[in-house]
Amino acid sequence: MPVSMHNNRMHDGGHIHGGKQMTGTLFGYRKSRVNLAIQENPRCLPMLVLELSIQTGKLLQDMGLGLVRIALECEKKPSEKIKLIDEPIWTMYCNGRKVGYAVKREPTDDDLKVMQILQAVSMGAGVLPGESAACAAAEGELTYMRAHFERVVGSKDSETYYMMNPDGNSGPELSIFFVRV
């Protein structure tokens, strides 16, 4: 079934700015780095896959405590004409603290397997069945969180992805800012 893509202007304390709705998936083994995949809808290939320099378990813990803001910064190179989301490496900040780097990469077979398993999931969180007990013991469970994100383009050098709450009562729990400086 095709998924309708539409601009969604909310009212009275609803969601954000009228950007384009996207699907965002955070996934990874609890003791490993978290991956972020952005898709136009749950059934298409990711347009962006980033490996973030924060452990999956730590990010989930921080989100359980409240609002999480991730800022990804890269250096502006006037001689290069590259789309913002095609930048290869980012300095990463989480709630104002520098936590390392985020690296853009091509989706692996394992990433695509996760996307395929979650194809019917529009939003939710949970644990995916593991490949082996040894891997699960070493790296923890393979966890995921999938949600609708509203993509707001500020300029050719800034984009923001706001995670949308299904209840519509509060703002985003997670915001991801991409900026070239």
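Accessible areas here come from the Shrake-Rupley method with a 1.4 Å probe, and for residues only the protein chains shown count as cover. On that basis, the protein has an accessible surface of about 9700 Å², and 53% of it belongs to carbon and sulfur atoms. This is a predicted model, in which local features need pLDDT of at least 70 and side-chain atom pairs count only at pLDDT 80 or more, while totals for chains, interfaces and linings use all residues. Residues are numbered from 1 along each chain as its sequence is written, and side-chain values use heavy atoms, with hydrogens and water left out.

**Overall layout**
- The protein has 3 helices and 10 strands; helices (H or I, at least four residues) and strands (E, at least two) are DSSP runs, numbered from the N terminus.
- Their order from the N terminus is β-β-β-α-β-β-β-α-β-α-β-β-β.
- Of the 181 residues, 41% count as buried (buried means under 20% relative accessible area, exposed over 50%, partly exposed in between, with a 1.4 Å probe and protein chains only).
- Among contacts (heavy atoms within 4.5 Å) with a separation of 6 or more, 53% are between residues 24 or more positions apart.

**Nonpolar cores**
- A nonpolar core is a set of buried Ala, Val, Leu, Ile, Met, Phe, Trp, Tyr and Cys residues joined through side-chain atoms within 4.5 Å.
- The largest one holds 29 residues, of which L26, L52, I70, L72, L174, I176 and F178 touch the most other members.
- Leaving aside residues up to four places away in sequence, L26 touches V34, N35, L36, L52, L59, M63, T143, Y144, M145 and L174.
- A second, separate core of 10 residues includes Y29, A37, L142 and Y144.

**Helix α2**
- Helix α2 spans residues 109-117, and its buried residues are D111, V114 and M115.
- Seen down the axis, these buried residues fall within an arc of 100°, so they line one face of α2; the arc is that of the directions from the helix axis to the C-beta atoms.
- They pack against β1 (20-29), β2 (33-39), β3 (48-55), β7 (124-128) and β8 (142-155).
- Exposed D109, D110 and Q116 sit on the face of α2 turned away from its buried side.

**Around β5 and β6**
- N95 lies in the loop between β5 (89-94) and β6, and its phi is near 50°, a positive value in a residue other than glycine.
- Most residues other than glycine have a negative phi.
- N95 counts as partly exposed because its relative accessibility is 38%.
- Y101 belongs to strand β6 (residues 97-104) and, at 42% relative accessibility, counts as partly exposed.
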